[in-house]
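Please look at the sequence and the structure shown below before reading on.

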Amino acid sequence: MTNFTDLKQWEKVREGFEAAKGITLRQAFADDHSRAADMTVEAAGLTLDYSKNLVTRQMMADLFDMARECGLQEAINAMFSGERINVTENRPVLHTALRNRSGKSVVVDRMDVMPEVKSVLERMAAFSHKIRAGIWRGYTGRPIRNIVNIGIGGSDLGPAMAVQALRPFADRRLRFEFVSNIDATHFAEATHGMDPAETLFIIASKTFTTLETMTNGRTARTWLLETLKDEKAVANHFVAVSTNAKEVAEFGIDTANMFEFWDWVGGRYSLPSAIGLPLMIAIGSDNFNKMLDGFYAMDRHFAVTPFERNMPVIMGLLGIVYNNLHGAQSHAVLPYDQYLARFPAYLQQLDMESNGKSTDKNGKRVKIETGPVIWGEPGTNGQHAFYQLIHQGTKLIPADFIGFCKSHNPIGTHHDNLMANFFAQTEALAFGKTAEEVRAEGTPEELVPHKVFEGNRPTNTIMADELTPAVFGALVALYEHKVFTQGVIWNIYSFDQWGVQLGKVLAAKIYPELTSEQPPRTDAHDASTSALIARYRMANGRRA
């Protein structure tokens, strides 16, 4: 497993980077009238224009060669074929099987997993239909009107983001809430004003032992029974997404209402699995299947398209340029659609949990920067918040702009105004405004330096006709495969997340120290942590 910085092809990329340092995007477009057309690719209903990036044609050619030399195509093939590429956990990585629409088998450990995948989808569809049609009733015989998903991480971010993104396709008679934080405020506010007799809880936890999820789950159980009084009511108001039938049954949930998923599905890749149950209830099985079609279309594009026209590969390699040549520390994702308000938060987990690694596949500390900080907000809100830094700040912040030709809410001039800003921002970031242009506007000389925009701020523009379930699926898959591409190039394992474990272990040790009536040992922690625990105990009337 060779690190990409040791490859001769990377040296060519570096040489191209040094040679292109003095070139501006203004000059690049002036010198090459076909740049925009040649640096635009289409796939699965999406269009990517990457012409406003700080790259030359030769740099891109060298990057594609470097990706081949890194074995990217072989890594893609290994993932899709079910090899155990999650080496540190000894698991295959087969979220792509969840949206396999080809009718072909996907074999893991000599067993075709597709019959199980289809079976769970069929059970989800049947259950969703019962809720949406009012067939499934609560304990008192009333239909379900409130769906509360209790999970955390991938069991929360994916479905929460997706239900909001696809709200135009949802049954508006149903209210959806998502509870993840162990802070009781999250549960209290999410359920405020709800009638327990009309509320269904989905407890999403693979092991059914996750601290945050099960704490919230037990609180939900107590909340329900305070009103309905009878333990038998749990069966009507709780379902589980899990693999641990024993724990599910002990909680009081009928295991017939347990929807399975598998250890070859990472949490942050699990939206197309049973974790997506609240989404299927919201939009119905037909629209859910259209979303899977979009995922699959991007999967096939990624698997078979030459790198030169491969959308995830292109985006991944551009990220390498900014991370490892320009020293950019972060990457902004800026959707110009309010329905995608939670998309940047979703991508934070997808990218930062996958590639936030400092150890390479050889078990050695990496010598290069790996995953960037991912952040963003919907346009045009961000324009009145942080765009100043992107335009005129001292930090280089590459950005993805995501927009749609048509709005689900075509009210007055709103969408035209939105998209005018969308196009204007990438143009302004790329080409800026010179001192001469500022002076030509009659600006006083002392103000000229303040009104100059350097430009050369790189952006990708991703567009589609409309935000549909299929386009949404393709968009999520695009970023999944971009992250995978970068992990391969950086020679790191993208599918484990050992970094989240230590805090959990320490929290489990500290909890008894907070709640016990006996004072904790003073030598159990460092001086700072011990003093903070004592402060907490005193505030809650316990001996410090």
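## The nonpolar cores

The largest nonpolar core holds 127 residues, and those that touch the most other members are Leu46, Trp264, Phe343, Phe472, Tyr479 and Phe484. A nonpolar core is here a set of buried Ala, Val, Leu, Ile, Met, Phe, Trp, Tyr and Cys residues joined through side-chain atoms within 4.5 Å, where buried means under 20% relative accessible area, exposed means over 50% and partly exposed lies in between (1.4 Å probe, protein chains only). A second, separate core has 24 residues, including Ala197, Ala220, Phe251 and Met258. In soluble globular proteins, nonpolar side chains tend to be buried together.

The model is a predicted one, in which local features need pLDDT of at least 70 and side-chain atom pairs count only at pLDDT 80 or more, while totals for chains, interfaces and linings use all residues. Residues are numbered from 1 along each chain as its sequence is written, and side-chain values use heavy atoms, with hydrogens and water left out.

Five strands form an open sheet in the order 6-5-7-8-9, and their pairing is parallel. Helices (H or I, at least four residues) and strands (E, at least two) are DSSP runs numbered from the N terminus, and two strands pair if DSSP finds at least two bridges between them. Strand 6 and strand 9 (258-259) are the edge strands, each pairing on one side only. Strand 5 and strand 7 run parallel and are joined by five bridges, with phenylalanine 201 in strand 7 as the bridge partner of valine 148.

Strand 5 also pairs with strand 6 in the parallel sense, over five bridges, and arginine 175 in strand 6 is the bridge partner of asparagine 146.

How many of the twelve residues of helix 7 are buried? Eleven of them are, so helix 7 is largely enclosed by the rest of the structure. Its buried residues are covered by elements that include strand 5 (146-150), strand 6 (175-179), strand 7 (199-204), helix 12 (277-304), helix 14 (343-355) and helix 19 (469-490). For the twelve residues of helix 7 (residues 154-165), 1.5 Å a residue gives a span of 16 Å, which agrees with the 16 Å between its end C-alpha atoms; the expected span is 1.5 Å times one less than the number of residues.

Helix 12 lies across strand 5, strand 6, strand 7, strand 8 (238-241) and strand 9, and runs at about 165° to strand 6. Such angles run from 0 to 180 degrees between N-to-C directions, with axes being lines fitted to C-alpha atoms, for helices over the stretch in contact.

Another open sheet has six strands in the order 1-2-13-12-10-11, with mixed pairing. Its edge strands are strand 1 (40-43) and strand 11 (373-375), each of which pairs on one side only. Strand 1 and strand 2 (residues 46-49) run antiparallel and are joined by four bridges, and leucine 48 in strand 2 is the bridge partner of valine 41. Helix 13 (residues 311-324) lies across strand 1, strand 2, strand 12 (399-404) and strand 13 (459-464), at about 35° to strand 2.

Serine 530 is buried, with a relative accessible area of 18%, whereas leucine 532 is exposed, with a relative accessible area of 57%. Not counting residues up to four places away in sequence, serine 530 touches Thr522 and His525.

Glutamate 445 belongs to the loop between helix 17 (435-440) and helix 18 (448-451), and is partly exposed, with a relative accessible area of 46%. Ten residues separate glutamate 445 from alanine 435 in sequence, and their C-alpha atoms are 9.5 Å apart in space.

How values were computed. Contact means heavy atoms within 4.5 Å.
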